[in-house]
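Me: I have a model open and want to learn how to read its features. Can we go through them one at a time, starting with surface charge?

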Amino acid sequence: MPEIREYELFEVHEPVSQTIPFVYNSPHSGRIYPPEFIAQSRLEGIAIRRSEDHYVDELFGSAVALGAPLLAANFPRAYLDVNREPYELDPRMFDGLLPPYANVNSLRVAGGLGTIPRIVAENMEIYARRLPVQEGLDRVEAVYKPYHAALRRLIARTHVQFGFGVLIDCHSMPGNVRVAGSTARPDFIIGDRYGTSASAELSRAAIAILEEMGFAAIRNKPYAGGFITEHYGRPSRGLHALQIEVNRAIYVDEVTLEKREDFAAVADAVTDFMQQMAEYVEKFAGDRALAAE
């Protein structure tokens, strides 16, 4: 797969010394599009970029200065989505038979948003024709597995060093997202898989910090967390995983995908949030709800 060897698939931004038990992850902010992928697609320009979590890696970039590593994808989500099981694949997309271990019946596959997505966020078909099965499997081997290996190493190292760890999985959401049964627009959504991927105390602290800063923040609805949050969150072992969704409309023009004038102010607010989360965890590090059992 020479097209993805021309650049680093992902980057691990490391502090000189990790001083807080956090790992930040930005799996959907990649914006380097392999030319071979563009040639396969019926979409181009801004259309193919609609699935990106625009500039989320930059919003959370100060995590490194605060003492935490940040893992950021360079490959785009439209090419491969690491926030899925490794083989959530849609048989309608491929020429040939998928292996029997592929999960072809998940709701995400049915919606066109499997490991190799069929559509971008606005329900536009990505590919002009079917892909060879082997190409799909090669992407999993060459992109998905190395990414998760890097993430596992960061989490394991953090867990060993501090005795517990907090993964913050960083995403953005469309500006038209509303709270169910309401016209309220959340600025942030904190997802903890309904209390299964992180302690309730940690989720409530995140919400409280954001609200104190003047943002509208809610928990789990409509985004409770994807595969990464579910897979890596093990609160009973002192491993907590939160997903955070930032409303794109507060920092990017969703038509042009250009940064708004207040992008820097939002990034500063995110930095403040990360700092306060680190202080909260440091204060309650010995609490049984956070530390390993």
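Reply: Start with a negative surface patch, formed here by Asp268, Asp272, Glu279 and Glu282. Patch members have over 30% relative accessible area and no salt bridge, and like charges are joined within 9 Å. Asp and Glu count as negative, Lys and Arg as positive; His and the chain ends are not counted. The charge is placed at CG of Asp, CD of Glu, NZ of Lys or CZ of Arg.
This is a predicted model: local features need pLDDT of at least 70, side-chain atom pairs count only at pLDDT 80 or more, and totals for chains, interfaces and linings use all residues. Residues are numbered from 1 along each chain as its sequence is written, and side-chain values use heavy atoms, without hydrogens and water.

Me: Where is Asp272, and how exposed is Asp272?
Reply: Helices (H or I, at least four residues) and strands (E, at least two) are DSSP runs, numbered from the N terminus. Asp272 sits in helix α8, residues 263-283. Buried means under 20% relative accessible area, exposed over 50%, partly exposed in between. Areas come from the Shrake-Rupley method with a 1.4 Å probe, and only the protein chains shown count as cover. Asp272 has 33%, so it is partly exposed.

Me: How many helices and strands does the protein chain have?
Reply: Eight helices and eleven strands. The radius of gyration is 19 Å, close to the 19 Å from the globule rule for 293 residues, so the chain is as compact as a globular protein of that length. That radius is taken over C-alpha atoms; the rule is 2.2 Å times the number of residues to the power 0.38. Of the 293 residues, 55% count as buried.

Me: How many salt bridges are found in the whole structure?
Reply: A salt bridge is a side-chain nitrogen of Lys or Arg within 4 Å of a carboxyl oxygen of Asp or Glu. The search finds 17. In one, Arg31 pairs with Glu58 at 3.0 Å between the closest N and O atoms. Arg31 lies in the loop between β2 and α1 and Glu58 in helix α2, so the pair ties together parts 27 residues apart in sequence. Arg31 is partly exposed at 30% relative accessibility; Glu58 is partly exposed at 34%. A network of salt bridges links Arg31, Asp57, Glu58 and Lys259.

Me: Are Arg118 and Asp90 buried or exposed?
Reply: Both Arg118 and Asp90 are buried. Their side chains meet in a salt bridge, 3.2 Å from N to O.

Conventions. Patches are made of residues with over 30% relative accessible area and no salt bridge: like charges are joined within 9 Å, nonpolar side chains (Val, Leu, Ile, Met, Phe, Trp, Tyr) within 5 Å. Buried means under 20% relative accessible area, exposed over 50%, partly exposed in between (1.4 Å probe, protein chains only).
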